[in-house]
Amino acid sequence: MSSDNPISDVAEGVSKGVLEWTKENILSLLQKLKDRKLAFIEESKTIEIVREQYRSGEAKFYQSYINDKKLLFLVKLGLTLRKLENDQERLQNLRGKILQKHRIDGLHIAEFVQNGVLNRYVGILLEKLNSIEKLKEDISYILNNIEKHTIFVQGTSKKSEIIKKTDILVNSHSPEIFIISGFKSAAKIVADSIDSFKIILKDYEFERFSSGEKETLFFKRKI
Amino acid sequence: MELISLKNVSEKSKLLLLRELGYSSDGEFVLNLNGEKVIDKYADVPVRLNNMIILPGSTLILDNNELSIASYIEEFGDVF
C-alpha cells in the first residue's frame, strides 16, 4: 500500500479518509519527536484549549495572586471547564478526571472558578482592600476552605437538605462571605430557596448573580 | 512545535509508530514492553490507541485530555 513516495502515500490516504505512513515516514517523524520539534496528538484542539486558558488575562491575574501551585493549577482547570461549557462530552470528561485526581475539594475549586464565583469573590475583597498580601491570603483562604464557605447545589439536591446544610455551615464557621451556587437544574433549586436562605443569613447582605444557566448567591456578613 | 494529528491516521500506522517507540497495543490500549497497559502518569488512566498523545522529551505517552496536557505544561512549560 505504501510506496517510497510519502506524498503519494498521503494523497492516497486522504482520498480514502485515512492516512497511511511508511516505516520511512515514521522514522523521519520520530527523529523530529526526538529533537523536540514535533508531537503526536489525537486532537490538536485539546492543546489549543488548554494553552488559550493558560495565556488568558484571568490566568495571568491569578498567577500573580496565588502562590500555591496546586491551587493555581485547579484555577486554570476551572478556566478550562468554563471554556468547555458548550461541549458537554468534553466538559463531563474533564470534570471526571479532576474528581478522580483531585477529589471533590479539587473539583469544587475548579467549579468555583468555572462559574465566575472566584472573580466576584475577589471583587468583594477589592472593595475593602488593605494590602496585596492580605488579598493573596484571602484568596488562598477561600480556596483552601471552600467547603466551609460555599454550597454547590446539585440538580438532585433537596431544598430542605440545602437549607439545613447552610444553617449548619453558617453557625459552625460564621463565614464573612457565604456562597450558594447552582448550575443548570440546580440553578432553579437555588433561586427557589432564596427566601429561606435570607432567613438563616439574616445578618448578611445579599447579592444575587444570575447568568444563563448559573445562579449564585453571595451573602456578606454585616459588620 | 509541529503537531501531527493522529485522528485520520490508520491503526496500522499507529501500531507501526508505537512499535518503533518500543510499545505495542492490544487493539484498544497502548501496552508497554511487558504487555501492560500504559498508564497516563497525570490522569492515572490507561491510554487508548484511539485517544493518545505522544510528547517529546522522554517520549511520554498520555491520554488525550485537558488535565494531562495542563499537567504536562506545568511540568515542562508551554513547549507547544
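Me: Which residue stands opposite Ile179(A) in β5(A)?
Reply: This is a predicted model: local features need pLDDT of at least 70, side-chain atom pairs count only at pLDDT 80 or more, and totals for chains, interfaces and linings use all residues. Residues are numbered from 1 along each chain as its sequence is written; chains are lettered from A and ligands numbered from 1 in the order in which they are written. Strands are DSSP runs of E, at least two residues, and helices are runs of H or I, at least four, numbered from the N terminus. In β5(A), the residue opposite Ile179(A) is Phe218(A).

Me: How many bridges join β3 and β5 of chain A?
Reply: Strands pair if DSSP finds at least two bridges between them. β3 (residues 177-183) and β5 (residues 214-221) of chain A run antiparallel, and their bridges number seven.

Me: Which are the edge strands of the open sheet in chain A?
Reply: The order of this four-stranded sheet is β2-β3-β5-β4, with mixed pairing. An edge strand pairs on one side only. That leaves β2 (150-153) and β4 (204-211) of chain A.

Me: At what angle do α5 and α6 of chain A pack?
Reply: Axes are lines fitted to C-alpha atoms, for helices over the stretch in contact; angles run from 0 to 180 degrees between N-to-C directions. From 65 to 115 degrees counts as roughly perpendicular, and α5(A) and α6(A) are therefore in that class. The axes of α5 (69-83) and α6 (88-114) lie 8 Å apart, at an angle of about 105°.

Me: How many residues of the contact of α5(A) with α6(A) are nonpolar?
Reply: Residues are in contact if their C-beta atoms, placed from the backbone, lie within 7 Å. Ala, Val, Leu, Ile, Met, Phe, Trp, Tyr, Cys and Pro count as nonpolar, Asp, Glu, Lys and Arg as charged, and the others, Gly among them, as polar. Five residues of this contact are polar and three charged; the nonpolar ones number 13.

Me: Which residue just after α2(B) takes a positive phi?
Reply: α2 (66-76) of chain B has buried residues, including Leu67(B), Ile69(B) and Tyr72(B). Their cover includes α3, α5 and α6 of chain A. Just past α2(B), a phi of about 85° belongs to Gly77(B).

Notes
Angles under 35 degrees count as roughly parallel, over 145 as roughly antiparallel, 65 to 115 as roughly perpendicular and the rest as oblique. A residue is buried if 20 or more other C-beta atoms lie within 10 Å of its own, exposed if 12 or fewer, and partly exposed in between; C-beta atoms are placed from the backbone. Two residues are in contact if their C-beta atoms, placed from the backbone, lie within 7 Å.
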